[in-house]
Amino acid sequence: MTKQTFSVYIFNALRKLVMFIIVLVLVACSGHSARHASQHSELMSPLATSGIRYWDGESKEITGHDLASEYQQIISSRQSRKRGLPDDVYHLALSGGGINGAFSAGVLNAWTVNGNRPEFDLVTGVSTGAIVSIFAYLGSDYDQTLKNYYTNTSMSSLFELNSVLSMLGGKPALNTKGFEEKVRSYVNTETVAKLANERSKGRLLIIGTTNLDNEKMSMWDIGKIAQVGTQQSVEMIQNIIIASSSVPGAFPAQTIIVDDGKQRYEELHVDGGVSRQVFLAPQWAYHSPYLAGLPQHVYVIRNGVLKPNYQIIENSLTEIGLRSISTMIRNQGIGDVEHIYHFSQRHKMSFHLAYIDNDFPLISEEAFTKEYMTSLYYYGYQNMLAKQLWETVPPSLQLAH
């Protein structure tokens, strides 16, 4: 069996098992080791360092996180580097989308070739966007690494399909050991040191995970974690990236240790996309001052489709379930993009959106292969080179303009 055939086999089999797994989750009984968990952990400072994370949908008082002061650092750092007035401020929000992260890789690499890719002051990432965000934050020197990850990595080297018996025992659909090893090899001690250095310039990298215990999105300041400078901080960053990419049911959930030097708890985290497909700032920051007076630009890359795509669906449990899930994810993404758009409008930021349009041939038989990802990479790359990518209004709102 060739690697391509193996990849197709894995994910076609996974596709057929999705609804079966959902049923198993509802009816299966299996033993699980108890975690030492407490709701108090959401009030604690991981690694005994304040400001490492904050929560979406909660007032900043829950952790005492002062977002305004974080963004004030952007102004101060630009003033010190420019020896005068700061220039424009750039924000980049990278969405989830699994292997569709190849799209954002193509966009970013072509942006470098165009010669006008900015140094972003704030980068946010969810799910596959969490992986891309690391390289986008570190800059164009990592373009080739980013391209290799999405075009030269076989699915069989990252994931293996677990047996039905193991799934009956409560295991996820996929063995993700290869994926986790890949993340840890890329985000190593050297990479983390570079993240810390960029954070010292006032630049922010925020990655979102979903805490299943409290049903909240945890927003992690990756650069500040990197600045702690310990092996524990390196492992925490690796675990956050893996957790943000952990699709429930398919990937194993990740345990993240929260230890403030006095107490130690174990939180259970999964894909940040469960909470939001893409984000720029926490919900409670919507009405907060946001670098007022500075020219600001927001770029959103949605690694997925935003427009409906007509397809005749078979009247079967599997097909109905899969189509329903994809429809929910697409509409969740639309809402999240619209939220950032309205946030940008309120704070007088220019808004720019890139997404996979319906002119990309979505061929299910070729999905989850290197050929599919390479094709999607060049779709983003070529559209960016041709300057036919950015839209200033989400497609869901264009009829109103």
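Let me start with helix 12, which has 30 residues and reaches 43 Å from its first C-alpha to its last, close to the 44 Å expected at 1.5 Å a residue, where the expected span is 1.5 Å times one less than the number of residues. When I say helix or strand, I mean DSSP runs numbered from the N terminus, with H or I over at least four residues for helices and E over at least two for strands. Please keep in mind that this is a predicted model, in which local features need pLDDT of at least 70 and side-chain atom pairs count only at pLDDT 80 or more, while totals for chains, interfaces and linings use all residues. Residues are numbered from 1 along each chain as its sequence is written, and side-chain values use heavy atoms, with hydrogens and water left out.

Just after helix 12 comes Lys-348, with a positive phi of about 60 degrees, and this residue sits in the loop between helix 12 (317–346) and strand 11 (350–355). Is Lys-348 buried or exposed? Lys-348 is exposed, with a relative accessible area of 72%; here buried means under 20% relative accessible area, exposed means over 50%, and partly exposed lies in between, with a 1.4 Å probe and protein chains only. Leu-47 also has a positive phi, about 60 degrees, although it is not a glycine, and Leu-47 is placed in the loop between helix 1 (3–27) and strand 1 (53–55).

Strand 11 runs parallel to strand 10 (residues 296–302), and 6 bridges join the two, two strands being paired if DSSP finds at least two bridges between them. Within that pair, Val-298 stands opposite Phe-351. Strand 10, helix 12 and strand 11 together make a right-handed β-α-β unit, which means that, with the strands pointing away from the viewer, the path from the first strand over the helix to the second runs clockwise.

Now to the antiparallel pairs, which both involve strand 9. Strand 9 (residues 264–271) is joined to strand 6 (residues 204–211) by 3 bridges, the two running antiparallel, and Thr-209 stands opposite Asp-271 there. Strand 8 (residues 254–259) is also antiparallel to strand 9, with 6 bridges, and Val-258 has Tyr-265 as its bridge partner. The hairpin of strand 8 and strand 9 has 4 residues between the strands, and in it Gly-261 takes a positive phi near 90 degrees.

What about the interior? The largest nonpolar core has 60 residues, of which Leu-92, Phe-103 and Ile-222 touch the most other members; such a core is a set of buried Ala, Val, Leu, Ile, Met, Phe, Trp, Tyr and Cys residues joined through side-chain atoms within 4.5 Å. Helix 4 (residues 128–138) supplies the largest share of this core, 8 residues. Apart from this core lies another, of 28 residues, including Met-219, Val-278, Phe-279 and Leu-353.

Finally, the chain as a whole: there are 13 helices and 11 strands, and buried residues make up 52% of the 401 residues. Taking contacts as heavy atoms within 4.5 Å, residues 24 or more positions apart account for 77% of the contacts with a separation of 6 or more.
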